[in-house]
Amino acid sequence: MKVYVSLLVFLLYSLASLGQVDTVSRSPYRIYRTYELPASLAVLGTSIFGFRQLDRHASLTAEEVIKLNPAHLNAFDRPVAHLNPARFGLAQTRSDQFLNLSIASPLLLMLSKDLRKEALDLLTLYTTAHAVNNLIYFATTFPIRRARPLTYNPAVPLQDKIGHAKTNSFYSGHVSFSTTATFFGAKVLTDYYQIKGWKRVAIFTAAAVPPVLVGINRMQAGKHFRTDVLTGFVVGAACGIGIPELHKFRQKTRNLSFRPEMTGTGERGFALTYAF
């Protein structure tokens, strides 16, 4: 475990340090702190209750478990339903540790004096990326209710297959949140320092390592199938890269805009528009 953590810290530090050879001329983003920061924090705060409700919603009964058959799974996902349950506990712990390190990794951006000056704007951008990610996660996971791999595993006792949080397999929130965090750091770093070419590739490659480790351990813990992990990675990458890019577009073109809006009844939100 210490080897994994040391490797992860080294990669995250490399992600932050690769950009130090260049200089920042100006912020590439247009950020509406007055609206975005409180709105994103409200979404993230409400998500605490959302996760609890999701766990209750994603329950399985003994009758439902009996109907599950590993043979009905697609060939790509099926092997995950037959992993050794003795390793579930350790894999679960590792996945949580890697997730926590990923979530904290954008703090490494503060190693740069230039970026420290933009700390509040970057915090706003970061919470917005996670807020959007959480909304997508809840909108997907609540209605789909895919049973976790461990519920198909014949080596897992029945009592461990029933109860709460057993049908929220698709998609992996751990992987999605991890990827949002590390790709956000890579995106901001390369945008601010205008890093191109092999350095940019190296930074995003380093950013992909923590989510991959999270995904491997989530599968080894019997929590997610391969397709759950891959989907979580794609959604997380889209949020981590896409939210900063949308704010960047606001400065680059008048055709595409991302701005706050308020209705006549006082409701607040955001509008994404494109003028043809």
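Let's start at T61, which sits in the loop between helices α2 and α3 (62–66). Is this residue buried, exposed or partly exposed? T61 has a relative accessible area of 37%, so it counts as partly exposed. Along the chain, T61 and K166 are 105 residues apart, yet their C-alpha atoms are separated by 9.6 Å.

Keep in mind that this is a predicted model. The protein chain has a mean pLDDT of 88, with 81% of its residues at 70 or more.

| Stretch | pLDDT | Contacts in the model |
|---|---|---|
| residues 18–23 | below 50 | 14, beyond near neighbours in sequence |
| residues 250–254 | under 50 | 11, beyond four places in sequence |

Now for the helices. Helix α2 covers residues 33–57 and helix α6 covers residues 119–144; the two pack at an angle of about 35 degrees, and their axes lie 8 Å apart. What is the handedness of the crossing of α2 and α6? That crossing is left-handed. As for what makes up the contact of α2 with α6, its residues split into 13 nonpolar, 11 polar and 3 charged.

Further along comes helix α8, made of the 24 residues 197–220. How does its span compare with what you'd expect? At 1.5 Å a residue, α8 should span 34 Å, and its end C-alpha atoms are 35 Å apart, so the two values agree. After α8 comes G222, and the phi of this residue is positive, near 75 degrees.

Notes: Residues are numbered from 1 along each chain as its sequence is written. This is a predicted model: local features need pLDDT of at least 70, side-chain atom pairs count only at pLDDT 80 or more; totals for chains, interfaces and linings use all residues. Side-chain values use heavy atoms; hydrogens and water are left out. pLDDT is the predictor's confidence in each residue, from 0 to 100. Contact means heavy atoms within 4.5 Å. Axes are lines fitted to C-alpha atoms, for helices over the stretch in contact, and angles run from 0 to 180 degrees between N-to-C directions. Helices (H or I, at least four residues) and strands (E, at least two) are DSSP runs, numbered from the N terminus. A crossing is left-handed if the near helix is turned anticlockwise from the far one by less than a right angle, and right-handed if clockwise. Ala, Val, Leu, Ile, Met, Phe, Trp, Tyr, Cys and Pro count as nonpolar, Asp, Glu, Lys and Arg as charged, and the others, Gly among them, as polar. The expected span of a helix is 1.5 Å times one less than its number of residues. Buried means under 20% relative accessible area, exposed over 50%, partly exposed in between (1.4 Å probe, protein chains only).
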